[in-house]
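Dear colleague,

Please find below the structure that I am handing over to you. My notes on what was found in it follow directly after.

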Amino acid sequence: MSGDIISLLSAFLLLAGALFSLISALGLLRLPDLFTRMHAASKAGTAGSGLLLIAVALDSGEWTIWLKCIAAIGFFVLTAPLSAHLLAKAALAAGLKPGFLDKEPET
Amino acid sequence: MSAQLVLDYCIYTAIAMLMLAMVLTSIRVVLGPTLADRVLALDQLVAIAIGFIAVIAVKTGYGLYIDIALALGLVGFLATAAFARYIYIASKASKNTGKIEGE
């Protein structure tokens, strides 16, 4: 019976993680600007991968898998803001401006 | 309807959704107006591939797939950091154009 509950919980986490990844891809395609796209990709993408990895750990139930999944999630949570920050800094240096800055009246 | 059957259906639905997400992200890779857009889309593609590997690990029951996901995340972060560094240095080198185009 508890195995059934764990399977259902794992199925729910799989659906939620896939939905997060799909929404992040949709935001990457539809948002107007590099910086808004970065907002979609780095947060929702990390949430999607993390939920799917938790689903794997819950489904297998071994403590080594739990350890590896927690290490992977911690690594993604640490590196996703880092890479987004590096990319935003490089794009600003390359001359891309955030969209709201373009609408300022020129004096 | 047993829980294992529900899990199987959810696995197939998750695979379909991740495939759709991969297609949408690939469209952004092809379409992206600047190099930074493409680098961001490739980073997102790595994240979706990690999710895909996790779903395959649930489907087959092999726990070893998590190691592949961990290594892929490491390589993806290194690639994004290297590309960001390249954009930064190239923009410093070519100040007269002021903008790096995709091609």
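This is a predicted model: local features need pLDDT of at least 70, side-chain atom pairs count only at pLDDT 80 or more; totals for chains, interfaces and linings use all residues.

Which residues does Ala47(B) touch, not counting residues up to four places away in sequence? Ala47(B) touches Gly45(A), Thr46(A) and Ser49(A), where two residues are in contact if their C-beta atoms, placed from the backbone, lie within 7 Å.

Residues are numbered from 1 along each chain as its sequence is written, while chains are lettered from A and ligands numbered from 1 in the order in which they are written.

On confidence, the predictor assigns the complex an ipTM of 0.86 and a pTM of 0.87. Chain B has a mean pLDDT of 87, with 90% of its residues at 70 or more; pLDDT is the predictor's confidence in each residue, from 0 to 100.

The contact between the chains

Chain A contributes 50 residues to the contact and chain B contributes 49 residues. On the side of chain A that touches chain B, the elements giving two or more residues are helix H1 (2–30), helix H2 (34–60) and helix H3 (63–93) of chain A. Helices (H or I, at least four residues) and strands (E, at least two) are DSSP runs, numbered from the N terminus. H1(A) provides the largest share of that side, 17 residues. By type, the residues on this side of chain A are 31 nonpolar, 13 polar and six charged. Here Ala, Val, Leu, Ile, Met, Phe, Trp, Tyr, Cys and Pro count as nonpolar, Asp, Glu, Lys and Arg as charged, and the others, Gly among them, as polar.

H3(A) and H3(B) pack with their axes 9 Å apart and at an angle of about 10°. Axes are lines fitted to C-alpha atoms, for helices over the stretch in contact, and angles run from 0 to 180 degrees between N-to-C directions. The two helices, H3(A) and H3(B), are therefore roughly parallel to each other, the term used for angles under 35 degrees. Their contact is made up of 19 nonpolar, five polar and four charged residues.

The nonpolar core

The largest nonpolar core has 67 residues, and those with the most contacts inside it include Leu14(A), Leu53(A), Leu87(A), Ala36(B) and Ala54(B). Such a core is a set of buried Ala, Val, Leu, Ile, Met, Phe, Trp, Tyr and Cys residues joined through C-beta atoms within 7 Å. A residue is buried if 20 or more other C-beta atoms lie within 10 Å of its own, exposed if 12 or fewer, and partly exposed in between, with C-beta atoms placed from the backbone. At least two residues of this core come from each of H1, H2 and H3 of chain A and from each of helix H1 (3–31), helix H2 (35–60) and helix H3 (65–93) of chain B. Leaving aside its neighbours within four places in sequence, Ala36(B) is in contact with residues including Leu34(A), Leu87(A), Ala90(A) and Ile87(B).

Individual positions

Ala47(B) itself lies in helix H2 of chain B and is buried, with 29 other C-beta atoms within 10 Å. Ser7(A), in helix H1 of chain A, is buried, with 21 other C-beta atoms within 10 Å. Not counting residues up to four places away in sequence, Ser7(A) touches Ala3(B), Gln4(B) and Leu7(B).

Thr79(A), in helix H3 of chain A, counts as buried with 20 C-beta neighbours inside 10 Å. Ile70(A) is also found in helix H3 of chain A, but Ile70(A) is partly exposed, with 14 other C-beta atoms within 10 Å.

With kind regards

Conventions. Angles under 35 degrees count as roughly parallel, over 145 as roughly antiparallel, 65 to 115 as roughly perpendicular and the rest as oblique.
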